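Here are my comments on the model, as numbered points. Please read them with the structure open.

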Amino acid sequence: MLYTKAHSKKHSSGITDMTSGNLYTLMLGFALPVFFSQVFQQLYNTADAFIVGRFLGTEALAAVTSSGTLIFLLVSFFMGTAMGAGVVISRYFGAGEGEQVSRAIHTILAFGLVSGLILTVVGVIFTPTLLVWMQTDPEVLPKAIEYFRFYFLGSFALVLYNICRSIMNALGDSKRPLYYLIFSSVLNVFLDLLFISGFHWDVWAAAAATVISQGASVVLCMIHLFRKGNVFTVELKKIRFHKDMLLEIVRYGLPSGVQNSVTAFANVIVQSQINSFGTLAMAAYGTHSKIEGFAFLPITSFNMASTTFISQNLGAKQYDRAKKGARFSILSAVILAEIIGVFNYVFAPQLIGLFDKTPGVIELGVQQARTLALFYCLLAFSHSVAAVCRGAGKAFVPMFIMLSVWCVVRIVYIIIVVNLTGEIGYIYWAYPLTWGISSLIYLIYYLCSDWIYGFEHK
């Protein structure tokens, strides 16, 4: 069933057709709300870390921050699949095929319900085993288990929120997820302060606050998606697996899920090596990760805008427009990344000190920041070309590059340097090294391949 773009705009509640109009204005208009959404998304765990560090001390901070990679490892596959669904939805929306858009939405929601339940069970049961495997400091381990078990009780909401956001973003609506996240993030901070500073509860309360806040954002998303008269309208009786659509979503989403999982696995290896250096190193590494997460948000925002823009325009067979959008997003992300990197390099002591005033934590955090920050341009380039590939239906390309470079090369390097030197500083250099290698490979692929015709080569 075809629908008209005029009809879509009239009843869309935020839907944006990105196949016509000024591409720079459209991409910036999409990227800015995504950026602010990502900021508030980061506030979830960062608020936990900040408030726990201030009120419960360094050991509790280490428990919250030391194994953030564990969370990403377990949820990354499902988040990658949601990204694949977004590509499918964007493509059909750009082509004007409303029935296919609806079938894709109901299929990915069914997937989210099932995978959210699985993740909750797996996370709660295997958290102790995974934390021990990651060489978490025995002094920190009980609090870390407590925190992450409570956190995984809310993973059902985490998966569903990312799927709902992917649906809305795929249709060009990046503002509504922002509004929902503002509410839930403010709620999270309020509950953190209430539970920890007011009620004097332990570290588990920070996770409980996050769970409640994530649940609130899902409720808001579903209220919107159940609104009648839109191309995205959800009906309970239609939420099921459509086999052909599920296969298509998996085709584009599975590589992204595997890529995320592989990257997360490599980061878990890095984290386990960091954990072996003790509580101060764990707190410093986790704190820097929080800061870097914020620093990289503008780049992530452009990447999400790029994927949606390219998917919609390739669905509408607007090839030259897709190329221009790709060039603009890559250039913008690289320039932004380097500006942010310089800022992070200069103000690293102050940024680390916001979370923990312990001199050892600040020293190690600054060392890591000043090793990585000036190479953010390479990280941005790799992520930007990967976003272009996903938007063009070439999701297997970034999967293979990340698997070979960000996993295999990074892990081999770390094993070698740790055994040879035993110094933590060499672990930090694993990131710029692998960013540089992947950027070179991506540059060759971007210039020499026919990525623009990805959907035509099924």
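1. Is Arg-410 buried or exposed? The model is a predicted one, and in it Arg-410 has a relative accessibility of 1%. The cut-off for buried is under 20%, so Arg-410 counts as buried.

2. The largest nonpolar core has 70 residues. Within that core, the residues with the most contacts are Ile-274, Ile-310, Tyr-376 and Trp-451. Helix α17, which spans residues 396-421, contributes the most to this core, namely nine residues. Another core lies apart from it and has 67 residues, including Ala-82, Tyr-161, Val-231 and Met-282.

3. Which residues does Trp-451 touch, leaving aside its neighbours within four places in sequence? The contacts are Ile-310, Ala-322, Lys-323, Ala-326, Val-388, Ala-392, Lys-394, Tyr-445 and Tyr-446. Of these, Ile-310 is itself among the residues with the most contacts inside the largest core.

4. Val-121 belongs to helix α5, residues 98-133. With a relative accessible area of 48%, Val-121 is partly exposed.

5. Ile-212 is another partly exposed residue, with a relative accessible area of 43%. Its place is in helix α9, which covers residues 204-225. Leaving aside neighbours within four places in sequence, Ile-212 is in contact with Leu-191 and Phe-195. Glu-146 is 66 residues away from Ile-212 along the chain, and their C-alpha atoms are separated by 16 Å.

6. How many aromatic pairs does the whole structure hold? A search finds 17. One of the pairs is Tyr-24 with Phe-328, which is edge-to-face, with 5.0 Å centre to centre and 70° between the planes. This pair links distant parts of the chain, 304 residues apart: Tyr-24 is in helix α2 (residues 23-56) and Phe-328 in helix α13 (residues 319-346). Tyr-24 is partly exposed, at 41% relative accessible area.

7. Phe-375 and Trp-429 have ring centres 5.8 Å apart and planes at 70°, so this pair is edge-to-face. It also links distant parts of the chain, 54 residues apart. Phe-375 is in the loop between α15 (359-372) and α16 (376-391), and Trp-429 is in the loop between α18 (424-428) and α19 (430-448). Phe-375 is partly exposed, with a relative accessible area of 29%. Trp-429 is partly exposed as well, with 39%.

8. Finally, a ring cluster. Phe-150, Phe-195, Phe-199, Trp-201 and Trp-204 are linked into a cluster by ring pairs. Phe-195 in this cluster is one of the residues that Ile-212 contacts.

Terms used: Residues are numbered from 1 along each chain as its sequence is written. This is a predicted model: local features need pLDDT of at least 70, side-chain atom pairs count only at pLDDT 80 or more; totals for chains, interfaces and linings use all residues. Side-chain values use heavy atoms; hydrogens and water are left out. A nonpolar core is a set of buried Ala, Val, Leu, Ile, Met, Phe, Trp, Tyr and Cys residues joined through side-chain atoms within 4.5 Å. Buried means under 20% relative accessible area, exposed over 50%, partly exposed in between (1.4 Å probe, protein chains only). Helices (H or I, at least four residues) and strands (E, at least two) are DSSP runs, numbered from the N terminus. Contact means heavy atoms within 4.5 Å. Rings of Phe, Tyr and Trp (its six-membered ring) pair if their centres lie within 6.5 Å; planes under 30 degrees apart count as stacked, over 60 as edge-to-face and the rest as tilted.
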